[in-house]
Amino acid sequence: MELIATLVLLTLIKGTPLIYAALGGVISERSGVINIGLEGMMAMGAFTAVIVSFATHSPLLGLACGVIAGALVGLLLAIAATRFKVDQIVAGTGINIICAGGAAYGLVLLFNQPGASVQVAALGANYWILIVLAFVLAIAMQVVLYATPWGLRVRACGENPKAVAAAGLDPLLLRVYAVTISGALAGLGGAFLSIGELNLYSDGMTAGRGFIALAAVIFGRWNPLGATVAAVVFGFFEALQYVLQGRIPWLPSDALQALPYIAALIALAGITGRVRPPASDGVPY
Amino acid sequence: MIRVRRALSGPAGAILLVLVLMSLAMIAAGTSPVEGFSALLYGALGGRNQIGETLVATSALLFPALGIALAFRGGLFNIGAEGQLLIGALFAGGVGAQLHVPGPIGIVLLLCLGAIGGGLWGAIAGWMKAQFGANEIIATLMLNFVAAYLALDLVSGPLKGPLAAGAETAWLDPTYWLPTLLPHTRLSIGLLVAIAIAFVLHWVFTRTVFGYDLRAAGEAPEAARRSGVNIARLTWLSLAISGAISGVGGATIVTGELHRFNTQLSPGYGFIGIAVALVGDLQPLWICVAAFGFGILEAGGLAMQASAQVPKDAIHVIEGIIILVLAARRYVAARGVGDIE
C-alpha cells in the first residue's frame, strides 16, 4: 500500500516536468514548428532558475527567470524558424548543444566547479503547486487551442499557413508566439527539475526529458490533454524505475534507468503510423 | 556594402562569427582573446604531441560526421550517432578484452564488431521507422540513452575489467592495438580508416545507384517511391550503414587510443559530428576538412581550459551556434531556393 502511494506521488513528480515540456511541444507543433530544442530550453530554465535563486535567495524569482530564459531560447528558435526559415530539426539540435554547453560554461564561471552548482534556495514543500499548475495549464491549453479564435489560428498555422495568410493574419507572427510560449513552458519544466524537485543544477540533469516529451506529443496525438496523459505515463515509468531500484535482484540498476526511454521507444513504434501530425508541421512558411 | 554583406554570408562570415564569439567567451572568463587564442592554437598545433591530439579528435569526429552525412542525404535525421558510436566501441572493447586470436585478425575482427554494433543500433531505429513509421529523430535520440545505460550496466558488471577502478573493461592485449600513425603520439591509423571511408562514400554518393536513390529519397521522396525505390529498405539500410560508420569510429577509439572501453570515451562526438557534417556540406571530402577544423577546436579547447582558464564548454556553445547558423543554408541546399518565399 505504502509502495503504491510512493509510486503515485513519484509519478506526479516525475511526470510534471514532462507535462510542461510536452505542452510546449504541442503548442509549437500545432503552429507548425517542430521543437527539438525542448531539451535545451529545459536545461536553460533549470540553470537560470538556480543561478537567480543563488543570487537573490528567492526561488520564486528563480522560477520566473527560468520561465523567461526558456522563452528567450524559444524566441531564438522562433526567429530562426520564421525569419530565416531554417531546417527546424537541425536548428533545434544546435540549440540543445548551445544550451547544454552554455550551462556547463556558466557553472564553471559562476561556481568555479564543473558538473554541478552549489545548493540553492529551492521551492521546498511548495513544489506541489507546480504539479497542480501543470494539469491546470493542460486544461487551459486544451480550451485555448480548441475553443478560442486564437487557438484556431494557431492550429491553422500548423495545417495550412497560406490559408491563415489569406485570412489577413500573419502566420509567422503566430508561430513566433507559439514557439516562445513553448520555450516558456519547457523553461518552467526545467525550473521544476532544478529548484522544485531538487535544489541545484547539474550537467545533463534534463536527461532527455525534452525528447521524451516529444514522444509524449506524438503519443498524445498533438493534443494538450492527450500529451499530458502520455507525459504522466512516461513519468510513471520513471517513477517505477526508482521504486524497483534494488528490489529485484536479477534486474541491474543501470538497465532499469533505461526504462523510461525504452517505454518511449515502444510507445513511438506502437502508435505512429496511426496518427497524423499537423499537415505543415516542420515546414517553413 | 552589398559586397561586404555577400562576403559575410559565406564561410568568411562564419569564421568571423566564431572568432567574435570565442573572444567574448574568453573575455567573460577573464582572459584576453590574445592569450586565449594563442593557448588554443598552441594547444592544437604547437608541436608533434599537440598535432597528434588534434588529429585524434579529427578522427573521432570524422566517423560520426560521415555516418550522419549519409543519413541526412537520405532525408533521415540520425541524431543517434553518439549511441551508435558507443555501442560500436562497447562491442569492440567487450570482445577485445577477452580475445585470443592472432593480432591482425583480431584488429580487423574488432573493427568489424564495431561496425556490427553501431549498425545494429542504427538499424533498430531504421526498422522502427520502416515498419511502424516511428519518428527516427526521437527513436535515435532515445537509443542514445538506452545505449549509455546498457554500456554502463555491462561494464560495471559482467564486462568490468578485474583491475578496473571505474566503469571500464580490461585492457586490450597490445597485439590488438591499432598501429600508431604519428610516432610518439596517440594518433593511430584509425584516421586513415576514416579517410578511406570518406573516399568510398564520395564514390557511393556520386557513382552508384544506392547513392542516387539515397539522394532522391532525401530530396523528393514521393518521386523516388514512384520511380521504384524501395523506401522502407532504403530507410533501415541507410540508418544501419550510418550507424555502422559511427560504430567503427567507436571501435577505433577503443583499439587505437584508449585500448579499453570506457563509458566516458566520447565527450559528445556524435553530436558535434552533426556540425562537422553540416560544415562539410554533407560531402565526404569536405567533411574531412571540416573535421580537422573541429579537431583544432576540440584539442585546442582542452589546452585553452588548462592554460588560459577558459572553460572548454565555450567551444561547445560555439559549435552549437555553427549548427544553428548552418541550419538556414542546409534548407536552401536541400529543397531548392524556389520553395522559399
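The structure is a predicted model.

**Stop one: chain A**

Turned along its principal axes, the C-alpha trace of chain A spans about 60 × 40 × 30 Å. Of the 285 residues in chain A, 58% are buried. Considering contacts in chain A between residues at least 6 apart in sequence, 79% connect residues at least 24 apart.

**Stop two: helix H8 of chain A**

Next, select residues 171-197 of chain A, which form helix H8. The 27 residues of H8(A), at 1.5 Å a residue, should span 39 Å, and the end C-alpha atoms are 37 Å apart, which agrees. Where is the kink in H8(A) centred? Select A:Ala191: a kink of about 30° is centred on this residue.

**Stop three: chain B**

Now select chain B. Its secondary structure consists of 14 helices and zero strands, and the pattern along the sequence is α-α-α-α-α-α-α-α-α-α-α-α-α-α. For 341 residues, a compact globule would have a radius of gyration near 20 Å; the value for chain B is 20 Å, which agrees. The C-alpha atoms of chain B occupy a box of roughly 65 × 60 × 30 Å along the principal axes. Within chain B, 57% of the 341 residues are buried. Of the contacts in chain B between residues at least 6 apart in sequence, 77% join residues at least 24 apart.

In soluble globular proteins, nonpolar side chains tend to be buried together.

Select H7(B) by itself. Its 21 residues should span 30 Å at 1.5 Å a residue, and its end C-alpha atoms are 30 Å apart, which agrees. Since 19 of the 21 residues of H7(B) are buried, this helix is largely enclosed by the rest of the structure.

Then centre the view on B:Val276. Neighbours within four places in sequence aside, B:Val276 is in contact with B:Leu61, B:Ala65, B:Ile287, B:Ala290, B:Ala291 and B:Phe294.

**Stop five: where the chains meet**

Finally, colour the two chains separately and turn to the contact between them. Here 39 residues of chain A are in contact with 40 residues of chain B. On the side of chain A that touches chain B, the elements giving two or more residues are helices H4 (88-111), H9 (209-219), H11 (253-257) and H12 (259-271) of chain A. H4(A) gives the most to this side, with 14 residues. By class, the side of chain A that touches chain B comprises 28 nonpolar, eight polar and three charged residues.

Methods: Residues are numbered from 1 along each chain as its sequence is written. Chains are lettered from A and ligands numbered from 1 in the order in which they are written. This is a predicted model: local features need pLDDT of at least 70, side-chain atom pairs count only at pLDDT 80 or more; totals for chains, interfaces and linings use all residues. Helices (H or I, at least four residues) and strands (E, at least two) are DSSP runs, numbered from the N terminus. The radius of gyration is taken over C-alpha atoms; the globule rule is 2.2 Å times the number of residues to the power 0.38. A residue is buried if 20 or more other C-beta atoms lie within 10 Å of its own, exposed if 12 or fewer, and partly exposed in between; C-beta atoms are placed from the backbone. Two residues are in contact if their C-beta atoms, placed from the backbone, lie within 7 Å. Ala, Val, Leu, Ile, Met, Phe, Trp, Tyr, Cys and Pro count as nonpolar, Asp, Glu, Lys and Arg as charged, and the others, Gly among them, as polar. The expected span of a helix is 1.5 Å times one less than its number of residues. The bend at a residue is the angle between axes fitted to the seven residues ending there and the seven starting there.
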